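Here is a friendly briefing to read with the model open beside you. Please take a look at the chain before going on.

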Amino acid sequence: MNRLESCLSVIRAELYAYISWLKNNKSLAFFMVLWPYLTAVFLLGLGTLLGSLEEYKVRMNIANPAFYIIASGGIMVSSISIIDSVVGIALRHRWLGTLPYVVSSPPGFTLTMMLGPIPGSMISSFIALSSILPAAIYFEGLLGFIKIFIVLLIIYLAMLPLIGLSIIIAGLTLIIGEEANIAAFISPFMLLLSGVFYPQTLLPEVLRLMSTIIPLSYVVNAVKLLATYHIPPFNIFMTIMGVIIGLTVIYNTLSIPGVIAIEKRVLRHGIHG
C-alpha cells in the first residue's frame, strides 16, 4: 500500500465510521444542529454582564453583535469537535486495546492521527455553520450567507493547526497514561484565550500573549471583521490566513517527533507498558 492509498483508506474508514455514528445517534445529530443556538444564547447572556448591547459592541469591537454571537456559537461547536476528535481517537484505541494494531498497520499511527479526524471535523463544522445560516440570512440577508461560507472556509483552514496542537495533547495523554480526556479541560481555556467568551483586551497580559499562539484567536478575529464590515479589508484577511498557515507548520512539525516516539513506545511496551 503506497502513501496515497494509505491516506485515502484512513479518510474513507473514518468517514464511514462518522456517518454510521450519526445514523445510530439521531438525537445527538439533532443536538448538533441545535447546539450553536444554545451556545449563542449563552454568549448573549454572558454579553449582558458587560452592560448594554452598545457597551458589548464597544468592548468586543464589533458593529453587528447578532452576527458575531451566532457565528461564535458555530465556532465553539466546531473547535471543540476538532480537538475532541483527535484526542478521542487516541484514547478510544487505547481503551479498546487496538492501539498497537493501529500503530503497526500500513497507514501507521501518524497518518491515522493526522487524517482520521478530518472527515468528522469537516462534517460537524459544516452542520454547525449550516444550522446558523437561517439566522445569518435573517440579520444580514444574502451577505450573511456569504459571510458564513467565509467563516466555514476559515474554520477549515484553522483545522490544520488545531489538529497538530491536538496531536500534541493526545500524545501527552498517552505518554503519561492519563485515562481522562484532558482536552475537555483544555478546550474551554483555549476558547477563553481566543476571545469567544470574553474580550481579549480585558484579559491579563500573560493570557493575551498566550492567545497569539491559539489558532482560534485568528478565527474569532476574522469573525469580528465580518461582523464589522460589509466588505472586510482584504489585506487583514490575508494576514490572518498567513498566521494560521504559519501555526500549521509549527504545530504539525512539533507533533511529528512526538507521534513517532509514541509509535516506538507502543510497539516496544504494548498498550499498558
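Predicted model: local features only at pLDDT ≥ 70, side-chain atom pairs only at ≥ 80, totals over all residues.

Residues are numbered from 1 along each chain as its sequence is written, and side-chain values use heavy atoms, with hydrogens and water left out.

**The largest pocket**

- The largest pocket holds about 630 Å³ of space. A pocket here is an open set of points on a 1 Å grid over the protein atoms alone, where a 1.4 Å probe fits, with protein on both sides within 12 Å along at least five of seven lines. Grid points are joined across faces, edges and corners, and the volume is the space filled by probe spheres set on the points.
- Its lining has 23 residues, and the closest to the pocket centre are Tyr18, Trp21, Met32, Ser81 and Ser85. Lining residues have an atom within 4 Å of a point.
- Which helices each supply at least two residues of this lining? They are α1 (3–24), α2 (26–48), α4 (65–96) and α7 (117–131). Helices are DSSP runs (H or I, at least four residues), numbered from the N terminus.
- Helix α4 gives the most to the lining, with 8 residues.
- By class, the lining has 12 nonpolar, 8 polar and 3 charged residues. Nonpolar covers Ala, Val, Leu, Ile, Met, Phe, Trp, Tyr, Cys and Pro; charged covers Asp, Glu, Lys and Arg; the others, Gly among them, are polar.

**A nonpolar surface patch**

- Phe30, Phe31, Leu34, Trp35, Tyr37 and Leu38 make a nonpolar surface patch of about 570 Å². Patches are made of residues with over 30% relative accessible area and no salt bridge, and nonpolar side chains (Val, Leu, Ile, Met, Phe, Trp, Tyr) are joined within 5 Å. The areas come from the Shrake-Rupley method with a 1.4 Å probe.
- Leu34, one of the patch residues, sits in helix α2. Leu34 counts as partly exposed because its relative accessibility is 30%; buried means under 20%, exposed over 50%, and partly exposed in between (1.4 Å probe, protein chains only).

**Salt bridges**

- The structure holds 2 salt bridges, each a side-chain nitrogen of Lys or Arg within 4 Å of a carboxyl oxygen of Asp or Glu.
- One joins the side chains of Lys147 and Glu140 at 2.9 Å, N to O. Lys147 is buried at 2% relative accessibility, and Glu140 is buried at 17%.
- Glu205 pairs with Arg208, and their closest N and O atoms are 2.4 Å apart. These two are separated by about one helical turn because they lie 3 residues apart in helix α11 (residues 205–211). Glu205 is partly exposed at 45%, as is Arg208 at 28%.

**Distances along the chain and in space**

- Ile70, in helix α4, is buried at 8% relative accessibility. Ile70 and Ile132 are 62 residues apart in sequence and 6.6 Å apart in space, C-alpha to C-alpha.
- Ser20, in helix α1, is partly exposed at 22%. Ser20 and Tyr56 are 36 residues apart in sequence, with 42 Å between their C-alpha atoms.
- Phe234 lies in helix α13 (residues 234–269) and counts as exposed at 60%. Its C-alpha atom is separated by 18 Å from that of Gly246, 12 residues apart along the chain.

Conventions. Patch = residues over 30% accessible without salt bridge, like charges linked within 9 Å, V, L, I, M, F, W, Y side chains within 5 Å.
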